[in-house]
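Biologist: I would like to learn how to read a fold. Could you walk me through one?

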Amino acid sequence: MPGKTYKESGSLYLVCGDEELAIKERSNFVFGQWKDQFPEYEEELIDAAAGNAGEAGRAIGKLLEAMQTMPLFGTGKRIWFHNCNFLGEERTSSVQIVIEGLAKVIGEFQQMDPLKVLIIISAGKVDKRKSFYKKFQKLGQVEVLRGWDASKSDWIPEAEKRIDEVFAENGATIHPEARAALIESVGPNARQLMQEAEKLALYTTDSGQASPEDVQQVVSRNKQAKAFALGDAVGNRNLSAAMRYLGEELWEMKLDRKRSALGLLYGLISKIRTLIMVKEMQRKGWLRMERQFFRFKQQLEQVPESAMPADPKFNPLKLNPYVLFRALPQSSNYATNELVSAMQILYEANMKLISSSLDDGQVLQQSIVSIITKNTA
């Protein structure tokens, strides 16, 4: 048996999590280091993306073959098993052929010379309860890279920095309001955000600076951003637009099981809560109507942090500033008592969605109509 283990030699890595871009960058960095240290080693890349158990089994088979087949002249191997998507809670991960295949991989790890075979696995979310993860953790190095959390605002400065870097690389700049609109449109998805930033930077090369209008023209809005459109329609007190966006959302729910009526409801609750917070900040004299985004941000910077709630859900300073900027003019469409009443309407809708047999779409539609039309006569 070899004198060194994989863990001691740092030649067995698992990089996983829910931040696809960071996982790819980290895996590429580690693999690049190995290439510099062992340039004579044979290199093998195996795409482990699988749509079903059969494809996962074949990918595992390729990994085992790569581990068992050494170069003719006695050097080593660098293996990158990338895009692996069957180590989490997916149905594929629980199929016997996959479980047995991964067990064989672990057995092969234990028999190999860690100075001759360098292996990195890059994967999505991994189920830490499963045997493969527990045994891998004992043998090698594990890095879990977590994505940006939409419920917190600490990801926004990082997003702004990355966007500016993309524009600088393309010889362009982006207007602060356009940058904020881009972040709102894409949300806390680093990979998609960089893709959209690059697309926007290329689109604005001639003019030199991306504008908010360019964002509207070029950027693809994701699921989260589409939900914002419904909230904006409610904020604008525009019933026809709200019904149109609700209809689109309900239709997409039929095609995507991950989307739900409760998800739409919570988005509306978040919107009304934001309007209430903005209303209160105006009452205290911390905010005033402002058309220029950068001046609005200057106002926010003067708001005393000590006066804000500890819970980030109720702390407006933890939100994307652009969300507050958009809510500022919308807050004038409602009296404070109407917004409080709207929260009660949404609370009742939540109870109906959870405990009644009423149609989800009808519950949401009635709630939105009640909020928008209440006291408008």
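This is a predicted model: local features need pLDDT of at least 70, side-chain atom pairs count only at pLDDT 80 or more; totals for chains, interfaces and linings use all residues.

Biologist: In what order do the five strands of the open sheet lie?

Modeller: Strands are DSSP runs (E, at least two residues), and helices are too (H or I, at least four), numbered from the N terminus. Two strands pair if DSSP finds at least two bridges between them. Here the order is 2-3-4-1-5, with parallel pairing. Strand 2 (42-47) and strand 5 (141-145) are the edges, each pairing on one side only.

Biologist: How many bridges join strand 1 and strand 4?

Modeller: Four, linking residues 12-17 with residues 117-123 in the parallel sense. V15 stands opposite S122 of strand 4.

Biologist: Which residues of helix 5 are buried?

Modeller: Buried means under 20% relative accessible area, exposed over 50%, and partly exposed in between (1.4 Å probe, protein chains only). In helix 5 (residues 131-139), F132, Y133, F136 and L139 are buried. Seen down the helix axis, they fall within an arc of 125° and so line one face; the arc uses directions from the axis to the C-beta atoms.

Biologist: Where is E90, and what does E90 touch?

Modeller: E90 sits in the loop between strand 3 (77-84) and helix 4. Its relative accessible area is 30%, so E90 is partly exposed. Contact means heavy atoms within 4.5 Å; not counting residues up to four places away in sequence, E90 touches N85 and K125.

Terms used:
Residues are numbered from 1 along each chain as its sequence is written. Side-chain values use heavy atoms; hydrogens and water are left out.
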